[in-house]
Amino acid sequence: MKILPAIAAIALFLASFPMFAYSFEVPEVYAPFLFFAGILAVTFSLMIPITILGRRD
């Protein structure tokens, strides 16, 4: 059942792109938080395959 973490990682990675894009469109007060959320989304999307899925043997 390793397909669900893989789908979650792909979804997080793809969701980070609109976060980066919209961070330039929202009011300046919210922009750093949205950009940081995009960075966290990319980080977690790369962390899922490394930690949960592990190595292929």
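The following conversation concerns the predicted model shown above.

Biologist: What should I know about the model before we start?

Modeller: It is predicted: local features need pLDDT of at least 70, side-chain atom pairs count only at pLDDT 80 or more, and totals for chains, interfaces and linings use all residues. Residues are numbered from 1 along each chain as its sequence is written, and side-chain values use heavy atoms, with hydrogens and water left out.

Biologist: Which feature does UniProt place at residues 33-54?

Modeller: The UniProt record, an unreviewed entry, gives "transmembrane region" there. UniProt positions follow the numbering used here, feature names are shortened, and annotations may be inferred rather than shown by experiment.

Biologist: How much of that stretch is helix and how much is strand?

Modeller: Over residues 33-54 the chain is 95% helix and 0% strand, with the end C-alpha atoms 30 Å apart. Helices (H or I, at least four residues) and strands (E, at least two) are DSSP runs, numbered from the N terminus.

Biologist: Let us turn to Ser45. Is Ser45 buried or exposed?

Modeller: Ser45, found in helix 2, is buried because its relative accessible area is 4%. Buried means under 20% relative accessible area, exposed over 50%, and partly exposed in between (1.4 Å probe, protein chains only).

Biologist: And what does Ser45 touch?

Modeller: Not counting residues up to four places away in sequence, Ser45 touches Ala9, Leu12 and Phe13; contact means heavy atoms within 4.5 Å. The Ser45 side chain also reaches the backbone oxygen of Val42 at 2.8 Å. A polar contact is a pair of N or O atoms within 3.5 Å; within protein, one must be able to donate a hydrogen and the other to accept it, and residues adjacent in sequence count only if both atoms are side-chain atoms.

Biologist: Where is Ser23?

Modeller: Ser23 sits in the loop between helix 1 and helix 2. Ser23 is buried, since its relative accessible area is 5%. The side chain of Ser23 reaches the backbone oxygen of Phe20 at 2.7 Å. Leaving aside neighbours within four places in sequence, Ser23 is in contact with Ala31, Leu34 and Phe35.

Biologist: Leu34 comes up there. What else does Leu34 touch?

Modeller: Beyond residues up to four places away in sequence, the contacts of Leu34 are Met19, Tyr22, Ser23 and Val26. Leu34 and Met19 are 15 residues apart in sequence and 6.0 Å apart in space, C-alpha to C-alpha. Leu34 is in helix 2 and counts as partly exposed because its relative accessibility is 24%.

Biologist: Where does Val26 lie?

Modeller: Val26 is in the loop between helix 1 (3-22) and helix 2, and at 30% relative accessibility it counts as partly exposed.

Biologist: Why does Tyr22 count as exposed?

Modeller: Tyr22 does so because its relative accessibility is 53%. Tyr22 lies in helix 1.

Biologist: How far apart are Pro18 and Gly38?

Modeller: Their C-alpha atoms are separated by 8.2 Å, and they are 20 residues apart along the chain.

Biologist: Finally, the surface. Which residues make the nonpolar patch?

Modeller: Phe24, Phe35, Phe36, Ile39, Leu40, Phe44 and Met47 make a patch of about 670 Å². Met47 lies in helix 2 (residues 31-53). Patches are made of residues with over 30% relative accessible area and no salt bridge: like charges are joined within 9 Å, nonpolar side chains (Val, Leu, Ile, Met, Phe, Trp, Tyr) within 5 Å. A salt bridge is a side-chain nitrogen of Lys or Arg within 4 Å of a carboxyl oxygen of Asp or Glu. Accessible areas come from the Shrake-Rupley method with a 1.4 Å probe; for residues, only the protein chains shown count as cover.
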